[in-house]
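Me: Hi! Could you walk me through this one?
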Amino acid sequence: MPRPGSAQRWTAVAGRWGCRLLALLLLVPGPGGASEITFELPDNAKQCFYEDIAQGTKCTLEFQVITGGHYDVDCRLEDPDGKVLYKEMKKQYDSFTFTASKNGTYKFCFSNEFSTFTHKTVYFDFQVGEDPPLFPSENRVSALTQMESACVSIHEALKSVIDYQTHFRLREAQGRSRAEDLNTRVAYWSVGEALILLVVSIGQVFLLKSFFSDKRTTTTRVGS
């Protein structure tokens, strides 16, 4: 015969382990409505992307230039009829949220046509719609259980952690690019200074040598 309270303890243990298992499963990426891409944009080039969106869907476009030049790029977003929804010139990073007014294919482009010799590395995150509910019971009128509420909270916290990690990785990549560029400039400057010092030193040696060298005088006799 089981001891009093053992059933409650086993239920609590099972609930804790079930929530932990679900939290581990949430770490595995699943299907969603977000597209994250990092691509290289050559100089004098333009790259466009297309997405089919249903009417009334809320979308968010976020982009950032990681490497190249002044870390800026042109961005343009159009609806299926070609109407410009968003347009910015020479932006380093930005975020734009809109609601689709009609069904169709939306186009957003990144342009580096103003740059003559500098390549850019661009990251963008295009999120279409909201994430599907974690539990089917979220759409019901009845309240969630304690374990379901805890799992939903963990899911939201994990999404925030992923967003923070993405932003910190982008900042790290941008900082590393700036540091490497600065290191290259310092190296070139050091080589230039060394060459200048070498030329000046050689010039000073020859100048001092000319001061102490013997100068022969030529005597010319004038006949009477």
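Reply: Happy to. One definition to start: a residue counts as buried when its relative accessible area is under 20%, as exposed when over 50%, and as partly exposed in between. By that cut-off, both Phe39 and Phe110 are buried. Keep in mind that this is a predicted model.

Me: Good to know. What pattern does the protein chain follow along the sequence?
Reply: Reading along, you get α-β-β-β-β-β-β-β-β-α. That makes two helices and eight strands.

Me: And how much of the protein chain counts as buried?
Reply: The share is 25% of its 224 residues.

Me: Back to the aromatics, then. How many aromatic pairs are there?
Reply: The count is 14 aromatic pairs. Take Phe39 and Phe110: their ring centres are 5.8 Å apart and the planes meet at 55°, so this pair is tilted. Phe39 sits in strand E1 (residues 34–41) and Phe110 in strand E7 (residues 104–111), so to speak two distant parts of the chain, 71 residues apart.

Me: Which residues form the aromatic cluster?
Reply: One cluster takes in Phe39, Phe49, Phe63, Phe108, Phe110, Phe124 and Phe126.

Me: Switching to cysteines. How many disulfides are there?
Reply: There is one disulfide. Cys48 and Cys109 form it, with 2.0 Å between their sulfur atoms. The angle about the S-S bond is 105°, and the link is right-handed. It connects distant parts of the chain: Cys48 belongs to strand E2 (residues 46–53) and Cys109 to strand E7, 61 residues apart.

Me: Is Cys48 buried or partly exposed, and what about Cys109?
Reply: Cys48 has a relative accessible area of 22%, so Cys48 is partly exposed. Cys109 is at 4%, which means it counts as buried.

Me: What about Cys59 and Cys151, buried or exposed?
Reply: Both fall under the 20% cut-off. Cys59 has a relative accessible area of 0% and is buried, and Cys151, at 2%, counts as buried too.

Me: OK, charges now. How many salt bridges are there?
Reply: Six salt bridges are counted. In one of them, the side chains of Arg76 and Glu78 meet at 2.6 Å, N to O. Arg76 and Glu78 also belong to a salt-bridge network that includes Lys107.

Me: How accessible are Arg76 and Glu78?
Reply: Arg76 comes out at 28% relative accessibility, so Arg76 counts as partly exposed. Glu78 is at 13%, so Glu78 counts as buried.

Me: Which residue forms a salt bridge with Asp81?
Reply: That would be Lys102, with the closest N and O atoms 2.3 Å apart. Asp81 is in the loop between strand E4 (73–78) and strand E5 (84–91), while Lys102 is in the loop between strand E6 (93–99) and E7, so this pair ties together parts that are 21 residues apart in sequence. Asp81 has a relative accessible area of 59%, so it is exposed, and Lys102, with 29%, is partly exposed.

Me: Where do Glu172 and Arg176 lie?
Reply: Both are in helix H2 (residues 146–212), four residues apart, or about one turn of the helix. Arg176 counts as partly exposed, at 44% relative accessibility.

Me: What does the side chain of Ser177 contact?
Reply: It makes a polar contact with the side chain of Tyr71, at 3.5 Å. Ser177 is placed in helix H2, and at 16% relative accessibility it counts as buried.

Me: Last one: where does UniProt place the transmembrane region?
Reply: The unreviewed UniProt entry puts that feature at residues 186–208. In the model, this span is 100% helix and 0% strand, and its end C-alpha atoms lie 33 Å apart.

Definitions and conventions:
Residues numbered from 1 in each chain as written. Predicted model: local features only at pLDDT ≥ 70, side-chain atom pairs only at ≥ 80, totals over all residues. Heavy atoms only, no water. Phe/Tyr/Trp six-rings, centres within 6.5 Å; stacked < 30°, edge-to-face > 60°. Buried < 20%, exposed > 50% of the residue type's maximum accessible area, 1.4 Å probe, protein only. Salt bridge = Lys/Arg side-chain N within 4 Å of Asp/Glu carboxyl O. Disulfide = S-S within 2.5 Å. UniProt positions renumbered as here; feature names shortened; annotations may be inferred. Polar contact = N/O pair within 3.5 Å; in protein donor to acceptor, adjacent residues only side chain to side chain.
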